[in-house]
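Subject: Structure for you to look at

Hello,

Please find the structure below, with notes on what was found in it. Keep it open while you read.

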Amino acid sequence: MNLEDLRGWIALVQFLTRRTLLNRRMLIALACAILLSALVAYAVAEEMTGLDDLAGMLDIFVLSFFLLVIPLVYGSSILRSDLEDRSITMVLTSPLNRPMVYIGYRAALFICVAVAMLIITSAGALTFFALAGVESGAIGIYVNVCLLTLIGAIVYSSLYLTVSLITKRVIYFGLFYAFIWEGFVGLLPGGIGDFTIRHYVRSIGSSWIQYGGLGSYQGSGLLNSFLVLAGAAAVLVALGSYLLHVKEIE
Amino acid sequence: MKPIITATDLSKWYGDVIGLNSLDLEIKPGITGIVGPNGAGKSTLFKLIMGLIKPKLGEIEVLGERPWRNPGINAKIGFCPDYESLPLDSTGRDYLALIARLQGVSGVDGRVQEVAETVGMSGDIGRKIGGYSKGMKQRVKIAAALVHRPELLILDEPLAGTDPLGRKDLIELIGALHRDSGFDVIVSSHILREVERMTREIALLYKGRAIASGNISEIRALIDKHPHNVVIRGEGTRQLAKRLLDEEYVISVRLGDDLVTIEVREPDMFFRDFPGIAREQASGVEEIYSLDDNLESVFDYLVEG
């Protein structure tokens, strides 16, 4: 990749990020998520004000709900809609090679998901702090959950972006994966939970956060979890790059 | 002159639908019109040229290179697709700046303004594309194809959906791009008269094959053996038609209310002899015209032939 290609790639990432973040429907979805996050935090803080309660709230609503939904909302449309309306043509007829184009979409998606997740997490945490006060250790929990959302965002958005190259119905896949596989099958007794992204995100969380459900979670170990998530993300990015490389734009 | 496009036995199909069928075609520098009805394979050919799809059989070379999985060649080509392909929630300026940066153009802002002026969009380039008319979108697409100063412009149905005034302007613009800026242009359309106004070099596609290519006059020469229909309007045309039937090259005559339609085998001979015969018959001919004096008829004849 030469310098001109790198400049083109950065321009693509900036364009996609701005377009996606400022999209009216996405802004409405984000506003609803912020409101919901603040509302949940308000409801929790009315009754429970300890660190266990803060960690439990962020675990359930951020790591187990928003972290699955927000990447799906952005990831199901950022590339798929450009393929559907064929506005990707002008990008694919530039000198940038297709794997780099894919990685450009991937980078833009990660930035959008990361920004949205940090805002949503902050809305919940700050509402909680405002009502329950800031106990010693509370900021640590908040920062660690923010880091976990960034790690999760990398893998979930890789998954949905790659699937969006395989099927037009990525939203159905995402709903199945998030709510049936991770939300139900992954919680069944036995080792089946090891085949979910959430398990490894929570495993890392259990090493960092000693409060709430995360504190007692029987994870797969910090290093193992990092390796599994990094491997999954790398495989998904490689697969997506290959799929776009061989895709015919009819 | 070295061809800019060479297709050899090129085939592409989608399931049961044939896009191109053993196409053999050479396109030389200049402006070339690709003409054919819907489904003839024009857009398939352009997508193959741009490396958006892969040939099933045969080969295609663009500026001496194969385009599939060869993004480097895209720096030499500007493409205006027949579909909208524009981000509606971006401004024209942002979109053109993105394309310029993707293409490695230096001095992006100045170049964007320059191409906006070239296509007559400088006043509206700051508006969102979603609010543009069809003609304005076509202009922005052409500007995007021009922004990196390519060697070759591929314009797929650039006149589609534009109003008559817009079409006239675009036809003039395409001519000027070749004349003033030296771009080689390949332009497709099924609006045949407009292609004829842009160029004399055409390739006729039908059902995925090139049925003829070259100068329109040469193609016309190919069809001289085919009958032409000539309409004559005015007084005394029935008597005139009766006299014309004596000529060997007249095949048939159809009578209308105040006109006759003569089917002739050799139109050059007919038009050479006609003034003398009309004078001899003292007929009051008010109007004479050939129904076949346009590209549609050339196409029809070649297809039927």
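Start with Met1(A), which lies in the segment before α1 (3–21) of chain A. Helices (H or I, at least four residues) and strands (E, at least two) are DSSP runs, numbered from the N terminus. Met1(A) is exposed because it has 10 other C-beta atoms within 10 Å. The cut-offs are these: a residue is buried if 20 or more other C-beta atoms lie within 10 Å of its own, exposed if 12 or fewer, and partly exposed in between, with C-beta atoms placed from the backbone. Leaving aside neighbours within four places in sequence, Met1(A) is in contact with Leu6(A) and Met100(A); two residues are in contact if their C-beta atoms, placed from the backbone, lie within 7 Å. The C-alpha atoms of Met1(A) and Asn97(A) are 9.0 Å apart, although 96 residues separate the two along the chain.

A note on conventions: this is a predicted model, in which local features need pLDDT of at least 70, side-chain atom pairs count only at pLDDT 80 or more, and totals for chains, interfaces and linings use all residues. Residues are numbered from 1 along each chain as its sequence is written, while chains are lettered from A and ligands numbered from 1 in the order in which they are written.

Next, a helix pair in chain A. Helix α2 (residues 24–47) of chain A packs against helix α3 (residues 51–75) of chain A at an angle of about 170°, and their axes are 11 Å apart. Axes are lines fitted to C-alpha atoms, for helices over the stretch in contact, and angles run from 0 to 180 degrees between N-to-C directions. α2(A) and α3(A) are therefore roughly antiparallel to each other, the term for angles over 145 degrees. Residues making the contact include Ala33(A) and Val40(A) of α2(A), and Phe61(A) and Ile70(A) of α3(A). By class, this contact has twelve nonpolar, one polar and one charged residues. Ala, Val, Leu, Ile, Met, Phe, Trp, Tyr, Cys and Pro count as nonpolar, Asp, Glu, Lys and Arg as charged, and the others, Gly among them, as polar.

Now the two chains together. In the interface, 25 residues of chain B are in contact with 23 residues of chain A. Helix α2 (residues 92–102) of chain B gives the most to chain B's side, with four residues. That side divides into 15 nonpolar, six polar and four charged residues.

Chain B itself has ten helices and 13 strands. Of its 305 residues, 41% are buried. Its C-alpha atoms fill a box of roughly 70 × 45 × 35 Å along the principal axes. In helix α1 (residues 42–49) of chain B, eight of the eight residues are buried, among them Leu45(B) and Phe46(B). Gly51(B), which follows α1(B), has a positive phi, near 70°.

Last, a sheet. Chain B has an open sheet of four strands in the order β11-β12-β10-β13, with antiparallel pairing; two strands pair if DSSP finds at least two bridges between them. Its edge strands are β11 (250–255) and β13 (284–290) of chain B, each pairing on one side only. Strand β10 (residues 228–235) of chain B is joined to β13(B) by six bridges. Ile232(B) has Ile288(B) in β13(B) as its bridge partner. Helix α8 (residues 237–244) of chain B packs on the sheet and touches β10, β11 and β12 (259–264) of chain B.

Regards

Notes. Angles under 35 degrees count as roughly parallel, over 145 as roughly antiparallel, 65 to 115 as roughly perpendicular and the rest as oblique.
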